[in-house]
Amino acid sequence: MKKITFPITEEQLKDLQAGDRVLASGYLYTARDAAHKRMYELLNEGKQLPIDVSGQTIYYVGAAPAKPGYAVGPCGPTSSYRMDKYTPSLLDLGLKVMIGKGKRSDAVIESMKKNGAVYLAAIGGAAALIAKSIIKSELVCYEDLGTEAIYRYEVKDIPLIVAIDTKGNNVYAR
Amino acid sequence: MAIREIKAETVTACVKKLFMDCNYYIGDDISNAILKAREQETSDLAKDVLTQLIDNNKIAADEQIPICQDTGMAVLFVEYGDKVVISDGSFEDAVEEGVRQAYTEGYLRKSVVSDPVFDRKNTKDNTPAVIHTRIVPGDKIKITAGGKGFGSENMSAIKMLTPSAGVEGVKQFVLDTVAYAGPNPCPPIVVGVGIGGTFEKAAQLAKRATLRSIEVSNSDEKYASLERELLDEINKMNIGPAGLGGKTSALGVNIETYPTHIAGLPVAVNICCHACRHKECEI
């Protein structure tokens, strides 16, 4: 099992191979459908994003509410393909890691190869377990979107699988 | 049979409990199937994914937190006895109040938007629910409730086959739909198949099929046999747990049928993730 950190280093990025199981620690942003749509529209209008995605990690998730005493509610991955339309623009800005579940489009995979990014899979439906790896959650922006707002998570040993590596090798295509 | 009065709050309390329970406690049928699947898997990765699901479901039950963050859109199938009167309100209002209380007080995610195309504003209490009501003889209300996540709902499909397609056509459509879905609907999945009726009836049957225990077969042996055959074929696809390969792509295939038109053979495939959540109650 490989250990990696977020933000990820260039060395770690190159070392990851499709199929590798990893434990990741560090900081990441959450964003799903509605936040991606807003960011995409900002870019199309030539405006700045509310977060600097360069070198960063985005986890496709909309957590359930946290019970009192919990850092975060259950928070498993959502289906990544719904973000495909918006993804190449973010990769061109330097986004390095995406976490979600399921297939990606050819356009996303090509952009990942061009930009040297990886796509990691979390286990869909293992939301209560995954929440144990989230130490801290803080709201960053788009509060009005509720569960779809952008949060910054501090994570410790979150279990992931390299689904698509920087060369475009893809576990779902096997 | 005398008219029976039921209070709105009784319905509300029942619905609230159904949605909280189904989101915290996975059914024994699913638990048993995942344990059995783990014994049969040969790859470490597939075993590891199933172990994570077993651990996850235990954490959810022990701590009374949702199994999955997508606690679903609330779907209810109701058999409403024709001798029942809600004495102090309306049945549907009482159901919606139960959904509202479950999702707000039970720390469930509110995932419903008011308008599908333009506004897409979160309703903030997960209402409205999708309620299918059938009036039946009697003085009881039977409710089957499920929280339907959309990772798998989005992978569902319907096709208006024609009679000459026959059982081969039905099989092909089910298998094509599951193969196309691949890793997206959180496998190992439960496949609900609705065959017959009209366009909307087939879809409703498919949803109803996902709310039946996977340990219960169709009562008609011909369809029970088709369920087993489809399950075998799906598990040969090597989609596997989490779509990462393996012998367990589906935990169960449930078929529900209805008479249909001389010109038709509608088939609907409603896919449900491994967190196939449903509970029943009778008032």
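## Helices 6 and 8 of chain B

In this predicted model, helix 6 of chain B and helix 8 of chain B cross in a right-handed sense. Helix 6 spans residues 166-181 and helix 8 spans residues 221-235. Their axes lie 11 Å apart and the packing angle is about 40°, which makes helix 6 of chain B oblique to helix 8 of chain B.

On the helix 6 side, the contact is made by B:Val167, B:Lys171, B:Val174, B:Leu175 and B:Val178. Helix 8 contributes B:Leu226, B:Glu229, B:Leu230, B:Glu233 and B:Ile234. Sorted by class, this contact has seven nonpolar residues, three charged residues and no polar ones.

## Helices 2 and 3 of chain B

Helix 2 (residues 28-40) and helix 3 (residues 44-63) of chain B cross at roughly 155°, and their axes come within 9 Å. The two helices are therefore roughly antiparallel to each other. Their crossing is left-handed.

Helix 2 of chain B makes the contact through B:Ile34, B:Leu35, B:Ala37, B:Arg38 and B:Glu39. The residues from helix 3 of chain B are B:Lys47, B:Leu50, B:Thr51, B:Ile54 and B:Asn57. By class, the contact has five nonpolar, two polar and three charged residues.

## Interface of chains A and B

In chain B, 33 residues are in contact with 33 residues of chain A. The two chains bury about 2,800 Å² between them, with 60% of that area on carbon and sulfur atoms.

Two salt bridges are counted between chain B and chain A. A:Arg21 forms a salt bridge with B:Asp48, where the closest N and O atoms are 3.0 Å apart.

How values were computed
Residues numbered from 1 in each chain as written. Chains lettered and ligands numbered in written order. Predicted model: local features only at pLDDT ≥ 70, side-chain atom pairs only at ≥ 80, totals over all residues. Heavy atoms only, no water. Axes fitted to C-alpha atoms, helices over the stretch in contact; angles between N-to-C directions. Helix = DSSP H or I, 4+ residues; strand = E, 2+ residues; numbered from the N terminus. Parallel < 35°, antiparallel > 145°, perpendicular 65-115°, else oblique. Left-handed = near helix turned anticlockwise from the far one by under 90°. Contact = heavy atoms within 4.5 Å. Nonpolar A, V, L, I, M, F, W, Y, C, P; charged D, E, K, R; others polar. Buried area = accessible area lost by both parts, 1.4 Å probe. Salt bridge = Lys/Arg side-chain N within 4 Å of Asp/Glu carboxyl O.
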